Amino acid sequence: MKSIETNKSNVSGFFSRLVRRQIFIPIAALLLLAVFNLVTDPSFYKITFGYNSAGNPVLSGYLMTILDSGSELAILAIGMTLVTAATGGQDISVGAAIAISGSVILRVLCGTNSRPETLQAPIIVAFLVACIVAMLFGAFNGVLVAYFRIQPMVATLILFTAGRPIAAWINNNELPIINEPSFGYFGGFIPGIPVPTPFFIAVACMIIIALVLRFTNLGLYTQAVGINESSSRLNGLNPAFIKFLTFVILGLCVAVAGLIKVSRFSTINYSVIAKDIEMDAILAVALGGNALSGGKFNMAASILGAYVIQFLTTTLYKFNVQSDALPAYKAIVVIVLVVLSAPIVREWLSGVWKKIRPEGHGKEVA
Amino acid sequence: MASSNKTSKTGGGLGGKMKNITDTNLLLTITIVVFFAMYIGAMVFQGKGFLKPQTFFNILNAQAALIITACGMSLVMITGSIDISVGGVVALVSMCCAVYLDFHNGNVFMAVLISLLIGLAFGVVQGFLVAYLDIQPFIVSLAGMFFARGMTTIVNTNPFNVQNEAFVALKETRVIVPGFGSVNKLGKYVNAYVEIGVIIAILVVILLFFVLRWTKLGRGFYAVGGNSQSALMLGINVKKTKFLAHLICGLLAGVGGFVYFMHVGSGSASHASGMEMNAIASSIIGGTMLTGGVGNIIGTFFGVLSLSTIQNIVSSAGLDDAWWTGITIAAMLCLFLVIQSVVMARKKRALSTKAE
């Protein structure tokens, strides 16, 4: 009898520990979506093997779409998590910054002519230039936030407004088109490999950030600054510089995402490219269970959160929801999430839970 | 005439108060001076259009909705919060009114009621989430903005012009401004006019100015934004004050939505895109501090005027690209944000040296 009791409490303890783990939130959301799709239409999970128009072997299906188009979001979520942790605010200019870095890549590749026959510069050079430019814009945000002490969301509002105009200005408001097929590899398929390249790029970014977090103090420092800025300064950290650094890292993530975005279409549309992606990136961080007011973070949960968002988007598209109407549904998800994660609501819920199950509670105490 | 009068007044005030000038007044003075410098500069260097009084009133006509929403925004910002859903609410209101008037043959009074109700609903929900559940206002209103934008598309996808007769008559109503006018090409004297929206906007500005300056609620907004802890100790209901600020902002977004709708006379999902941004920018330019506790409705009014004046200057200078407006607004916002930040830093330093 007694052994059963302890066994039971062990099981419930395991579950409560699992629920308390941060990564539980995105996993639960993912399972919910997965089951929903399984019930409504099992063909959602079908993956077919075929050949695309260029004769390359490709895997296609909704799951591949999620892995493919969720890559940019996952990459952005990495930087956004760091910014959120250190500053307690979010960068809302990432979409505009992607437009800028994409525009820079096309500008370098095309040179002066907007429809070149051959590339005017190696792709790697264009990418590096875009990295530098995106990091400079990240640094601009970082300076405003860290040194001028402007709220992150308002400071990044500047680039949010000016970003797309700047992107258009870089290319003289022309729409360059690149005919070189090798440029399309980054957003499409490398011949012979049936898995979309963006997925590999995202995985590479994840490995890099995992190594950085493992072997440097970046994670510790950003969390320290986010939890208590003045005490981290008393412990010998430079909070302003760390905040600045997180924005520069986000700039780097933006450049990678920008490369994938422009490579997908080999051209750019300044007002549409990466539209509303800032909302998704913030949502990914929130869905990962990270406090949007800064402090502790869980990178894996954020990245998983990004894929959950893409899962949600793909599911909504499958139900023929117009792309313009998509934000309304996502907004409801955001509100439900933030309401459930609000400390006041959590306290209230746990109070209600205790009232509902006074028996179970009494046993546990005994 | 009027403009020179006002500059001299502020100039006199500046000299007298220079020694113990408050943050609010300093930032307000900067804004008003910048506006008049810009407008007079435009008159001198670009001449022609800017010399006509109607140009000024056209700015008012076009920006009446922005003035109203920016007033609500300032109110929220004074309490240390923010609401970026106003642009979306304006778009939703104009789309709902357009659909109601044209497809359901509604009357104008009900349309006004609809816009007020939509604004109120957004204000109540966001205010509740921000004030009573203590959720970050930016996230709440970001979701609000996306919800409003999405709903606008769900209500109706295609943009269209409203044909409802009663509404068109209201839209075309022009109020003559006595004492202003200009001679047109045919040599006829034409009176300057404003639309009804401008009168509503000016009423809102005056009303809010009085509320903020002389009522208990108005002073409560400043107290909560300045330091919510001390406000709580003074016996102010902080949560209720924050809630009311969001509620009023939502309501004003509804009013602004109808005024916007009266100006453009159509419904479209892309209406008022970036309006939240302009409202925040105008408030900041008008001297409202993002950190809360500092701000002035008159400043916001001049903030809107400065913003649209610079847009007019940019477009009449031949840079008639939609892109340039975005860049100039962002540059101006950046400049004023940095000024605020520097002012705050200096004030902090002055306080700390005084304490020593």
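Mentor: Start at the N-terminal end of α13(A), which A:Asn298 caps. A side-chain oxygen of this asparagine sits 3.2 Å from the backbone nitrogen of A:Ala300. Keep in mind that this is a predicted model, so each value is computed from predicted atoms.

Now follow the helix itself. In chain A, α13 covers residues 299-318, which makes 20 residues. From first C-alpha to last, the helix reaches 29 Å. That is close to the 28 Å expected at 1.5 Å a residue. Is α13(A) enclosed or open? Of its 20 residues, 17 are buried, so the rest of the structure largely encloses α13(A). Beyond α13(A) comes A:Asn320, with a positive phi near 60°.

Next, look at a residue that touches this region. A:Thr81 belongs to helix α4 of chain A, residues 71-87. Set aside its neighbours within four places in sequence. Its contacts are then A:Val285, A:Asn290, A:Phe297, A:Met299 and A:Ser302. Two of these numbers, A:Met299 and A:Ser302, fall within the range 299-318 of α13(A). How accessible is A:Thr81? Its relative accessibility is 1%, so A:Thr81 counts as buried, the cut-off being under 20%.

Back to backbone angles. Most residues other than glycine have a negative phi. A:Ser266 is not a glycine, yet its phi is positive, about 60°. Find A:Ser266 in the loop between α11 (239-265) and α12 (277-287) of chain A. This serine is buried, at 14% relative accessible area. Is B:Asp134 buried or exposed? B:Asp134 is exposed, with a relative accessible area of 53%.

Stay with chain B for its overall make-up. Its secondary structure comes to 14 helices and four strands. Chain B has 356 residues, and 53% of them count as buried. Consider its contacts between residues at least 6 apart in sequence. Of these, 76% join residues at least 24 apart.

Finally, see where the two chains meet. Chain B gives 37 residues to the contact, and chain A gives 41. About 3300 Å² is buried between them, with carbon and sulfur atoms giving 82% of that area. On the chain B side, B:Ile139, B:Phe146 and B:Trp323 lose the most area to chain A. Together they make up 20% of what that side buries. What about salt bridges across this interface? The rule finds zero.

The largest share, twelve residues, comes from α6(B). Sort the chain B side by residue type. You get 27 nonpolar, seven polar and three charged residues.

Notes
Residues are numbered from 1 along each chain as its sequence is written. Chains are lettered from A and ligands numbered from 1 in the order in which they are written. This is a predicted model: local features need pLDDT of at least 70, side-chain atom pairs count only at pLDDT 80 or more; totals for chains, interfaces and linings use all residues. Side-chain values use heavy atoms; hydrogens and water are left out. Contact means heavy atoms within 4.5 Å. Buried area is the accessible area (1.4 Å probe) that two parts lose on being put together, summed over both. A salt bridge is a side-chain nitrogen of Lys or Arg within 4 Å of a carboxyl oxygen of Asp or Glu. Helices (H or I, at least four residues) and strands (E, at least two) are DSSP runs, numbered from the N terminus. Ala, Val, Leu, Ile, Met, Phe, Trp, Tyr, Cys and Pro count as nonpolar, Asp, Glu, Lys and Arg as charged, and the others, Gly among them, as polar. Buried means under 20% relative accessible area, exposed over 50%, partly exposed in between (1.4 Å probe, protein chains only). The expected span of a helix is 1.5 Å times one less than its number of residues. A polar contact is a pair of N or O atoms within 3.5 Å; within protein, one must be able to donate a hydrogen and the other to accept it, and residues adjacent in sequence count only if both atoms are side-chain atoms.
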